[in-house]
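Student: Hi, could you walk me through this one?
Tutor: Happy to, here it comes.

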Amino acid sequence: MALSGVPVVSLTIGIELMNAILLPIVLGFLLALERVALPKELQMKGVYKWASWAMCGLVMSFGVYVGFIALLKVITG
């Protein structure tokens, strides 16, 4: 515990859980923004586009998985 009396480890784990839950939402909005808001000449193309989408999809799926597992642990105690 720090001087404030807040358990720092629990706080850090909670913040990382929130990050894992919010990351898929942020990545989805960034991909949608790139697709809608950028002019055609600045949009991702070819292999770079598909690699970026695949990596974002992988990170999103891990984020949803970790968030789901953590929420189950919180619910079950």
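Tutor: We can go from the overall fold to single residues.

Tutor: This is a predicted model, so local features need pLDDT of at least 70 and side-chain atom pairs count only at pLDDT 80 or more, while totals for chains, interfaces and linings use all residues. Residues are numbered from 1 along each chain as its sequence is written, and side-chain values use heavy atoms, with hydrogens and water left out.

Student: Great. How many helices and strands does the protein have?

Tutor: The protein has 2 helices and 0 strands; helices (H or I, at least four residues) and strands (E, at least two) are DSSP runs, numbered from the N terminus.

Student: And is it compact or spread out?

Tutor: It is more spread out than a compact globule, because its radius of gyration is 17 Å, well over the 11 Å that the globule rule gives for 77 residues. That radius is taken over C-alpha atoms, and the rule is 2.2 Å times the number of residues to the power 0.38. The C-alpha trace spans about 55 × 30 × 15 Å along its principal axes.

Student: What about helix 1, how far does it reach?

Tutor: Helix 1 covers residues 8–37, and its 30 residues reach 40 Å from first C-alpha to last, close to the expected 44 Å. The expected span is 1.5 Å times one less than the number of residues.

Student: Where is the kink in helix 1?

Tutor: At leucine 22, shortly before proline 24, with an angle of about 35°. The bend is the angle between axes fitted to the seven residues ending there and the seven starting there.

Student: Which residues of helix 1 are buried?

Tutor: Leu17, Ala20, Pro24, Leu27, Leu31 and Glu34, where buried means under 20% relative accessible area, exposed over 50% and partly exposed in between (1.4 Å probe, protein chains only). They pack against helix 2 (46–76).

Student: Why does alanine 20 count as buried?

Tutor: Because its relative accessibility is 13%. Leaving aside neighbours within four places in sequence, alanine 20 is in contact (heavy atoms within 4.5 Å) with Gly63, Val64 and Val66.

Student: Switching topic, what makes up the largest nonpolar core?

Tutor: Five residues do: Leu27, Leu31, Met44, Cys56 and Met60. Helix 1 and helix 2 each supply at least two residues of this core. Such a core is a set of buried Ala, Val, Leu, Ile, Met, Phe, Trp, Tyr and Cys residues joined through side-chain atoms within 4.5 Å.

Student: What does leucine 31 touch?

Tutor: Not counting residues up to four places away in sequence, leucine 31 touches Met44, Trp53, Cys56 and Met60.
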